[in-house]
There are 2 protein chains.
Amino acid sequence: MNNAYTRLCQRFRRLSRFGHLSAIAGWDMQTMMPAGGSEARGEALAELSLLQHQLLTDKENGDLLRAAADLPLTPDERANLQEMTRQWQQAVLLPAELVEAKSIAGMRCEHAWRTQRQANDWQGFSENLREVVRLSRQEADIRATANGTSRYDALLDLYEPGMDSQQLDSVFNDLKQWLPALLTRVVEKQSATRPRTPTGTFPPPLQKQLGLQVMQTLGFDFNHGRLDISAHPFCGGVPEDVRITTRYDEQHLLSALMGVIHETGHARYEQNLPKQWAGQPAGLARSTAIHESQSLFMEMQLGRSREFLEFIQPQVEAIFGSQPALEKDNFVALAQQVKPGFIRVDADEVSYPAHVMLRYDIEKALIEGEIEVEDIPSLWDEKMHHYLGLDTRGNYREGCMQDIHWTDGAFGYFPTYTLGAMYAAQLFAAAKQQLPAISEEIARGNLQNISGWLNDHIWQYGSLLTTDELLTKATGQTLNPAFFRQHLEQRYCS
Amino acid sequence: MNNAYTRLCQRFRRLSRFGHLSAIAGWDMQTMMPAGGSEARGEALAELSLLQHQLLTDKENGDLLRAAADLPLTPDERANLQEMTRQWQQAVLLPAELVEAKSIAGMRCEHAWRTQRQANDWQGFSENLREVVRLSRQEADIRATANGTSRYDALLDLYEPGMDSQQLDSVFNDLKQWLPALLTRVVEKQSATRPRTPTGTFPPPLQKQLGLQVMQTLGFDFNHGRLDISAHPFCGGVPEDVRITTRYDEQHLLSALMGVIHETGHARYEQNLPKQWAGQPAGLARSTAIHESQSLFMEMQLGRSREFLEFIQPQVEAIFGSQPALEKDNFVALAQQVKPGFIRVDADEVSYPAHVMLRYDIEKALIEGEIEVEDIPSLWDEKMHHYLGLDTRGNYREGCMQDIHWTDGAFGYFPTYTLGAMYAAQLFAAAKQQLPAISEEIARGNLQNISGWLNDHIWQYGSLLTTDELLTKATGQTLNPAFFRQHLEQRYCS
């Protein structure tokens, strides 16, 4: 049988093999490559990326996709065909010149940002950013026309298919109603009993040992993955060989530990994607937001729960020795500390959504053409003050220049952090209801049932189901932000 | 200007970028990849290899090569064109089915060999080897017809262009006259004063520290390369990012140390290939034999010289502490110990050529159809006894099954080890003559002049000159094995 669908499968399998090489060479660049190798690596990866784009946008693919749509396919095959079509459409829509111009402007902006951020140089940065925004608006325009949506929704769809700004507005408007007040309440409550700060240093090799132990507990498959160091932690590689990274701060024990738990959440999803769909679009993770839900499930729902923290605390003491700050109650309090701050990546789970909301407000208005790049700083200051009570005026470095996302035009990405947190809370609530012994199991470090549940409801489906279908199958309903509120109130206010 | 030559340069630059990805993914497979990733990696690399083959054998390349030959080119451009033509011819000659059949038979034979060798299972191994030999003879036949040479010479040409078995026969016939006697003499001489064996263990992290220090002394550029661990040491990566590996034996200090020096010789060649020819065939290393000459120059000529050993000895003591076996004279004696043994990769430089000669005799006869696979063991036994005085009967594991080369059909490769050793001796003799202070400089660990000399005479030329041209420019003559004999006699008999 060599019909249109089978031929498409062969073509996408080939693409996936090139994707494998891109993922490993990309991981290597962040973890192993000496600085002097970067130019040659950049050229090699660009060449590969061009090849992938050519193969994906091959004229014949359009004909094959149309022909395959008329074939009698199983529901899973149809889901695969739909993901193929999605990938193809996303790629063919943009003229090659725009793709290249975006890539060049993004690289220039990101490269300069690394020094401009240090220098707090908003003027210099904004010039490059203007060009990135101009091209991202062009992209959004083209995608919006094709999708029949607003410009911003067309970009959002790249990271969470099916989500739109109407739904997001409603989610964030709800959040705006109660989050600032909740945050104030929690901060006040916690100010009564500040946890002790651990003293001494935490040598990276020992932090790594702890991280590996915890990964083991969380079910990371070391036959299909590894842990390394990079400046910016990520989960990379391929499902058969998942590469997670962290960075160690000698002074702070929890940041790498929680980072490792977070990346292990991503990794377990990747490692357990459906094997029978390996190399096919349906075998990929559903979306950026669902991916984030899996990392936040591990880090926030499970990893920072009292049960889990009490389970790993003896291991922490065994490795680093005893001290009052590492005693159980204090250890839990450290991991559940809420402290509004300037930096998103350092934020606790209560203030995190505020960081996302303000970026969402700004980037949506920017892409829709309602504001311009020069309007960003004042909006940023206003919203930071409003949501988190912080004064960021003149502090671009820790303000609107802190993130990498906008530098290369990843508008529409930020909301997936909070969607992920909400999905995670909703999934955990459902798991808790369906697995009554879950808390005791976590307290014993026995995560088999909860892994099995995630596998049955999320991992094994890859992209065979939509986000709404996944959530409905797993929790009986589509996104319901009430679970997130409930989670925060239970953990931080009770 | 977009003439045939420029277009070829673009095409080969593109090929080189894909080669970059293949090199890094290949390095990763040997050093970083967890076992479970191997199937997906194999598929990805095979896909890339197929692409490279398709790009190289593209029908248009033949027309472009012919058109470019008529253009007015500089001598360097013409050398580049010649290397392009060489690569292209080597690739287009073989029918795709033969390439695939060879690859499958080679993988099967190599895979089975890993267990068959352990089990000393010659019968099982020989069945697979027969198929590899059958296909290698077909390959040799096709190449021989195209080159107008003998079958074996056509394979030899893949590893050392310009070399033929007539010249090799004369080199090896000369060796056979004097090497066995020299070996006996050295063994007898050394038996009078056996060096002490170092006691204690040598922890790998400390061995690595020593290796890195020595690499620094030898001029390895850590901004363009790194050192890691693999089961089989190699020099991989790309000129901009050279990846060398070693393996540490807790009981033996010298094996990893000398291995690192050896691979650093390969690495410095790669790191100093002509930058202006990067990505072009002319920018590649001249040949397997010249590559080996650079590693053996570093390891045998320089690294095992009394001057260099006395220079690094204090570093060895500083890291591992003092003991009688690490005192200067004993340390030198350990590194210059001659001890005929079964295993080629463990052989000293005096007995090494015997290992190569016997393989050369056998593989040449095998490819020429004068013997069959079943004749190998008795020939092996006879020649091992004759050259090294060892009895290998029935011991296939440490006999004719010890090497990986034949399993995937790399016939014609073995001679490059001894050619490399001879080139190295000839080059070192010339350097010594041209740089009178060389011995004192080595004794002080100052290798700037000798590096400069290698760069001026070998590295900077890439493939712009032939082996004969390189040797003649550097030493005033083509291959002259007398220098190798002189070197052995001076080091081991005086």
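Colleague: Which helix of chain A holds H262(A)?
Modeller: This is a predicted model: local features need pLDDT of at least 70, side-chain atom pairs count only at pLDDT 80 or more, totals for chains, interfaces and linings use all residues, and side-chain values use heavy atoms, without hydrogens or water. Residues are numbered from 1 along each chain as its sequence is written; chains are lettered from A and ligands numbered from 1 in the order in which they are written. Helices are DSSP runs of H or I with at least four residues, strands are E runs of at least two, and both are numbered from the N terminus. H262(A) falls within residues 253-271, helix α10.

Colleague: Which residue caps the N-terminal end of helix α6 of chain A?
Modeller: Helix α6 covers residues 122-147. Just after α6(A), G148(A) has a positive phi of about 70 degrees. At the N-terminal end, a side-chain oxygen lies 3.4 Å from the backbone nitrogen of Q123(A), and that oxygen belongs to D121(A).

Colleague: How much area do chain A and chain B bury between them?
Modeller: The contact (heavy atoms within 4.5 Å) takes 32 residues from chain A and 32 residues from chain B. R17(A), L21(A) and E47(A) supply 21% of what chain A buries there, more than any other three residues. Buried area is the accessible area (1.4 Å probe) that two parts lose on being put together, summed over both. Carbon and sulfur atoms carry 60% of the total, which is about 2,800 Å².

Colleague: How many salt bridges cross the interface?
Modeller: The rule wants a side-chain nitrogen of Lys or Arg within 4 Å of a carboxyl oxygen of Asp or Glu. E47(A) and R17(B) meet this way, at 3.0 Å, N to O. On the side of chain A that touches chain B, the elements giving two or more residues are α1 (4-31), α2 (38-56), β1 (225-229) and β3 (241-246). Across the interface, the salt bridges number 10.

Technical notes
A polar contact is a pair of N or O atoms within 3.5 Å; within protein, one must be able to donate a hydrogen and the other to accept it, and residues adjacent in sequence count only if both atoms are side-chain atoms.
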